[in-house]
Amino acid sequence: MKKLSEKFRLGLAIIMTKLTVFMLRLAGRGGTSLPGKIALKICPDIFNKLSDRFRIIMITGTNGKTTTSRIVAGMLEKAGLQYVSNKSGANLASGIATTLISSLSLTGKPIARTALLETDEAAFRTLAPKLKPEIIIVTNFFRDQLDRYGELYTTLNSVREGIQGSPESRLILNADDSLCASLGQNTSNPVIYFGLGDKVYPEDYLIANADAAFCINCKSRYEYLSSSFGHLGHFKCPNCGYERPAAQIECTQVLEYDNLSSTIEIQIPDGKIAVKLALPGLYNIYNALAGTAVGHILELKEDDLTYVLEGFECGFGRMETLLVSGRELKMILVKNPTGFNQVLKYLLTQNDKCVLAFSINDKLADGTDISWLWDVDFEILSFMQNKVRRFFVSGTRAEDMAVRLKYAGIPSDSIFIKHDDTELLDSMIEASNEGETIYLLPTYTAMLEIRKNLKKRYNLKEFWE
Amino acid sequence: MYELNICHLYPDLLNLYGDRGNIIALQRRCQWRDIEVNVENISIGDTFKYEDYDIIFIGGGQDYEQTIIQDDLMNGKRQAIVEAVEDGKVFLGICGGFQLLGKYYKTNNGKEIECLGALNVWTHAGDTRLIGDIVFEVDFLKSHGKNYCIVGFENHAGKTYLGEGVKPLGKVIKGFGNNGEDGFEGAVYKNTFCTYSHGSLLPKNPVLADHLIMLALLNKYPDFQGLTPLDDQLENLAHESLIKRFTE
Ligand SMILES: [Zn+2]
């Protein structure tokens, strides 16, 4: 009897979820979390029930989840695997439930066998043991939205607990991140590490505001042979000997590096490939390496790996280019100091006159504490001040951002506050000439709002598609 | 020409929540007035001679990082810090820095971790984190009969209580404050100011920033006449829009 009602509950959850998704779409809304919430209410152990119907790949870590996930998706496609994945930042339990159920038929049969799940670090703790993923990718640990998770080490520990509950999963870990790499210590899980080779990065980078300068085992200060950015690099603890593990997937050379792309050489266990990544920034090299690790597990040939990596372009919100009134609008999501600093460094490669806007919200999905703006090195903007026609700030924290720019050395009279998105876009267009670039750097919810506005104005695609 | 020396204690370890924004604010607001300003970072293993500085800042860290500095702080710099406070140096302690300046931190399992004891305050671990925007009214910043409120963001698990001789920094209008119980926020003792409010505190509460700068200048130059006003339009806009948003 119990068995029957259990089955019934799962069935009901599937039907209700599908119905809710359908209704939300009908109402013109991109429903990603509500349907899953309903499913979890009806059938709380739905993840346990669904786990053996899918081959699951989970991606977690503070930065680069979405880009990595999209590269992995490319690998899956190349391997000829049908997959489902969660999109638009629906990376909590409810969003993941929606994703999995949406790919089931009404009788509960999966339409695609593989599930690629970008997972919030805090949610990962309880989700991973239930979903029993075949592969777990952890990108890195940078300070992010502390008001939600308390502390960076809490985030690390919740991922660690999730992994401890998944002893069978194969781990793909960032070797250059002492926090992330520590997840591979004292564990029976098979591990593949990825990282940058020693002294590969073309720039000298000072570890200024490192998130983890001290040994996670014994609290001595790490020594670095070389470093790439943030606390990432070839670390070694002089006291207990914990050091950057050898990487099976390693970027051994950066052949070319500019504001739009980088050409790199990647060492894989059985060969070497040279690829031109159509992605700016050093952080994207790490994302590409994590994706390559999955391609390697899927036994893709060198040509196929290259094909996927070279064909990949920036996705949803991370960096999006569109033509508006003869200007090139580039929208780049910002959410924490490390990512933001990388975006600013990318902006420094801009050669022509441009307009620059920051849209900072403090809603729950952005992190309600915006103090991290003071950990971003806006001071480097002074190097490109003569190229920026105007600085705009908007969002619920527009004024905070204006003050931040002022204290970074930007003259007050070139900072303009715009609270209305329409007005912001109009002013940006007005302040620039045709053919120029306008940069818009929003936090997550600010990006959704601006997209909505752009969508209406320029007839863009629905973002949840 | 006036000159101020600022010391940032453990900037590589106690640097949560944009703490360095407070240093940037002090620095800029001096520079804009042609006051020469030097910032020195003092961390583990460095000698700390408080006499060399006019303003000392200590911020908050994660639990893990606070355990790293424990030995250096308690056995290396403790005496100098206590003397600096007693001597009337301008001292700003935020969040974890606030707790460290107190007598002890009592953990959930009853263990008392000894702190610097520069201030007669103590902290008990709480069950939930006190997180959110905070607004509090500060009496000594009152001007022209107008109340001055400070706005920031708090995020702390510890509940701090004030003992004899220490006054609260302000009265909570919105948020939790020191312990979520007595309606007070922060602590003042001589020229030492402590608060849970980060976010960053000084850039958008310029009146407090200037108050600290002025006290430091008066300490060093007894004939100091007063600060020249700055164009604080953006700062005031940020300050007032937030106060309005959180209190109305
Ligand atoms: Zn060690």
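This is a predicted model: local features need pLDDT of at least 70, side-chain atom pairs count only at pLDDT 80 or more; totals for chains, interfaces and linings use all residues.
## The zinc site

The zinc ion has four protein donors, namely the SG atoms of A:C215, A:C218, A:C237 and A:C240, lying 2.3 Å from the metal. The site is tetrahedral, with angles of 97 to 117° among the four donor atoms.

Along the chain, the donors follow the spacing C-x2-C-x18-C-x2-C. A:C215 sits in the loop between β6 (191–196) and β7 (223–227) of chain A, while A:C237 sits in the loop between β8 (233–236) and β9 (249–257) of chain A, so this pair ties together parts that are 22 residues apart in sequence. A:C215 counts as buried because its relative accessibility is 0%.

## The loop between β6 and β7

The loop that holds A:C215 has other residues to look at. A:K219 is also found in the loop between β6 and β7 of chain A. Although A:K219 is not a glycine, its phi is positive, at about 65°. With 33% relative accessibility, A:K219 counts as partly exposed.

A:R221 brings in chain B: its side chain meets that of B:D12 in a salt bridge, 2.8 Å from N to O. B:D12 lies in the loop between β1 (3–9) and α1 (20–31) of chain B, and A:R221 in the loop between β6 and β7 of chain A, so the pair joins two chains. A:R221 is partly exposed, with a relative accessible area of 40%.

## Another positive phi

A:N186 is not a glycine either, yet it has a positive phi of about 45°. You will find A:N186 in the loop between α9 (178–181) and β6 of chain A. Its relative accessibility of 85% makes A:N186 exposed.

## Salt bridges

How many salt bridges does a search of the whole structure find? Over all chains, there are 30. One of the pairs is A:E379 with A:R404, whose side chains meet at 3.0 Å, N to O. This pair links distant parts of the chain, 25 residues apart: A:E379 is in the loop between β14 (354–359) and β15 (388–394) of chain A, and A:R404 is in helix α13 (residues 398–407) of chain A. A:E379 counts as partly exposed at 24% relative accessibility, whereas A:R404 is buried, with a relative accessible area of 0%.

In chain B, the side chains of B:E86 and B:K190 meet in a salt bridge of 3.0 Å, N to O. B:E86 lies in helix α2 (residues 63–86) of chain B and B:K190 in the loop between β11 (187–189) and β12 (192–195) of chain B, so their pairing ties together parts 104 residues apart in sequence. B:E86 is partly exposed at 39% relative accessibility, and B:K190 is partly exposed at 42%. There is also a network of salt bridges that links A:D362, A:R397, A:D400, B:D133, B:K204 and B:R245.

## Domains and a nonpolar patch

Chain A is divided into domain 1 (44–311) and domain 2 (318–458). The C-alpha centres of these two domains of chain A lie 28 Å apart.

On the surface, A:F8, A:L12, A:M16, A:L19, A:F22, A:M23 and A:L26 form a nonpolar patch, with about 700 Å² of accessible area together. A:L26 is found in helix α1 (residues 2–26) of chain A. A:L26 counts as exposed, at 63% relative accessibility.

Terms used:
Residues are numbered from 1 along each chain as its sequence is written. Chains are lettered from A and ligands numbered from 1 in the order in which they are written. Side-chain values use heavy atoms; hydrogens and water are left out. Patches are made of residues with over 30% relative accessible area and no salt bridge: like charges are joined within 9 Å, nonpolar side chains (Val, Leu, Ile, Met, Phe, Trp, Tyr) within 5 Å. Accessible areas come from the Shrake-Rupley method with a 1.4 Å probe; for residues, only the protein chains shown count as cover. A salt bridge is a side-chain nitrogen of Lys or Arg within 4 Å of a carboxyl oxygen of Asp or Glu. Helices (H or I, at least four residues) and strands (E, at least two) are DSSP runs, numbered from the N terminus. Buried means under 20% relative accessible area, exposed over 50%, partly exposed in between (1.4 Å probe, protein chains only). Donors are N, O and S atoms within 2.8 Å of the metal (3.2 Å for Na, K and Ca); water is not among the atoms, so sites may look incomplete. Four donors count as tetrahedral if all angles lie between 85 and 135 degrees; four count as square planar and six as octahedral if opposite donors are over 155 degrees apart and all others between 65 and 115; anything else is irregular. Domain bounds come from an automatic or database domain assignment.
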